[in-house]
Amino acid sequence: TFEQEVGRPDGARRSCDPGWWAIMEHNGDRDPNARSTWALSAMWCLWLIVFTSTALIPAREHWWLFNAAVMALVLVTIWMPDQGDTVFPYYSIVILPIVVFKSVFVGGLWSFGILGYAFVIVPFWDCFVGVDVGNQTREVQKELHDAFRFELLTLLVSPGILGCLLYGAWLANFGGLSLVEIAGLSVGVGIITGVVGIVAGHELCHRASWYERCFGRLLLCCATYGHFYIEHTLGHHKWVGTDHDPATARYGESFYAFLPRVVAGEFRSAWRIECERLRRKGLPLLHHEIPVYFLASLTISCVLAIFTGPMAFPFFAVQSAVAIILFQSVNYVEHYGLERVEVSLGQYEVVQPKHSWDAPTRITNHIMFRLQRHADHHAHAGKRYQTLQAYDSAPQMPSGYATMLLLAFLPPLWRAVMHPRLLAHRGQQVGQKFRHGPSPWAELVEVASKASVVGAERTTSLRCRLAGA
C-alpha cells in the first residue's frame, strides 16, 4: 500500500511541471519526514474558526463583505505551511453550505451564487494559492493512515449532508422562496452533495471497517446513486483504462456524449456484478442490494417530505441530478483518453499512475479530500486520502477540477487544452497502440516501415536499371 515510485527516493517531492496554471508552489523543500508542531496546528485551528465565523456576517446587508472576507482568508493560506498531517485544512469544506444558504438568503439570481464560487472563484484560488508538490515517507504515511482525526472528518460528513438536505427541504417549503430561488437552492445543495457527499462516500466505501462502508453508502444514497458503491469498487477499479469501464472517457468523446453512456453503463455494470455475486453465493434475487439503495433514497426523500412538506420531493430529485452530473464530470476528466495495454485476450496490464490524470492544486485537494491525487488512489486503492502521494509518472492536468470541469463543459476548449497534453503523454508509451485516437509510436513505426519499403523499391529499381545497362 505504501510503495514509493520506482526509481525515486522515499518521500521525494513531485517534480515541477511547466504546464501547471499556478503561481505558487508549496512544500517543494519540505522534509518528507516533517511533522506539524503544536503551534502550526493551533494556527490552522484558529484560521478554521475565523473562516467558519464568516457565517455570522449578515447576508443581505453585507453580501460583498462576506465574499471579501472569504477571499482574503483563503488567500492568507498562501503563507501558512501545511505538513500534510494537519486535518484542519480539510474542514474548509464548511464554506460550501455557508455560501449556498447565504446566497439563497440574498435571493433572486444570487441564489445560484455557488456556481460563481465553483467555476470562477475556486479556479482563481487554484491559480494564486498554487500547487502542493510535497510527499511523505513510508513511515509518515503509515502513521497518518492510522490517525483517527482524518477518519472522523469523513464520518462527520454524513450528518452534515443530512442536515443540509433537511434544512434545504425546510427552506423549499417554508422559506417563502420563489421558484428561481428554490431552483438555486436545489442546485446549491446538489453541489454540496456532489463535491463533499459523494467524494466522502467514495473515500469511505474503500475502507475495510463495516461502519465506514455503511456511512459511505448512506452518502451515496443521499444523491440517489447507491449502486456506485458496487460498480466503483468491483468494476471501475478493475477495468479502468479499458473499453469495459463505462467511467473511462475515450479520446475525442465529449462530456455530453460521455454522460448518458456512463450513467447507463455504471448501472448495468453494477447490476451485472451484483447478479454474479448472488449466483456465486447461491442467494435469491431478494438479496439484491441495488433495489435497497434506491429504496433508501426514496425513504430519505419521504422523511424529508414528512418533516417539511411536499416540495421536498422535487428538491431532492433536482439536487440528486446535479450531484450525479457534477460527479460524472469529475469521472470524465480523471481518465480522459488514457488506456491500459491488453497483454492477452481479456487481460490488461496492471493499473499504474500513468492511467489517471493528476492535479496538485492545494485548495481543491483540501475541498475534495485529495481526490485529485487520483493516480496514487488507483495504484493503491487501500490508502486513505491523507496519505495519497503525487507521482512524476502521472500525467498532469494544468489546473484543478473546478477549472477542468468548466473546460469539459465546453468541448472545443477542452480538446484545445487537453489533446496536446494527452498526445505528449501517449508519445511516452513506447510501442503502445491505442484503441481510440492517435497512437504516436505506432504511427512512427508505420511511417518508418513505409519509408523502408519505398527505399527498398527504389534500390531494386536502380539495380534493375544498372543490370539492363
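Contact here means heavy atoms within 4.5 Å. The structure is a predicted model.

**Nonpolar core**

By that criterion, and with residues up to four places away in sequence left out, Phe369 touches Tyr90, Ile93, Leu153, Thr154, Val157, Val196, Val199, Ala200 and Tyr385. Phe369 is also among the residues with the most contacts inside the largest nonpolar core, together with Leu165, Leu185, Tyr332, Val333 and Trp414. That core has 113 residues. Helix α7 (residues 179-205) supplies the largest share of the core, 13 residues.

**Helices α2 and α3**

Two packed helices are described by the angle between their axes and the distance between the axes. For helix α2 (residues 63-76) and helix α3 (residues 95-106), the axes come within 11 Å and cross at roughly 165°. Angles over 145 degrees count as roughly antiparallel, and the crossing angle therefore makes α2 roughly antiparallel to α3. The crossing of α2 past α3 is left-handed. The residues that form the contact are listed by helix below.

| Helix | Residues in the contact |
|---|---|
| α2 | Trp63, Phe66, Val70 |
| α3 | Ile95, Ile98, Val99, Lys102, Ser103, Val106 |

By class, this contact has 7 nonpolar, 1 polar and 1 charged residues.

**Glu212**

Glu212 is part of helix α8 (residues 210-221). Is Glu212 buried or exposed? Its relative accessible area is 2%, and Glu212 is therefore buried, the cut-off for buried being under 20%. Apart from neighbours within four places in sequence, Glu212 is in contact with Glu151, Leu155, Leu204, Arg207 and Arg384. Between Glu212 and Phe313 the C-alpha to C-alpha distance is 28 Å, with the two residues 101 residues apart in sequence.

Methods. Residues numbered from 1 in each chain as written. Predicted model: local features only at pLDDT ≥ 70, side-chain atom pairs only at ≥ 80, totals over all residues. Heavy atoms only, no water. Axes fitted to C-alpha atoms, helices over the stretch in contact; angles between N-to-C directions. Helix = DSSP H or I, 4+ residues; strand = E, 2+ residues; numbered from the N terminus. Parallel < 35°, antiparallel > 145°, perpendicular 65-115°, else oblique. Left-handed = near helix turned anticlockwise from the far one by under 90°. Nonpolar A, V, L, I, M, F, W, Y, C, P; charged D, E, K, R; others polar. Core = buried A, V, L, I, M, F, W, Y, C linked by side-chain atoms within 4.5 Å. Buried < 20%, exposed > 50% of the residue type's maximum accessible area, 1.4 Å probe, protein only.
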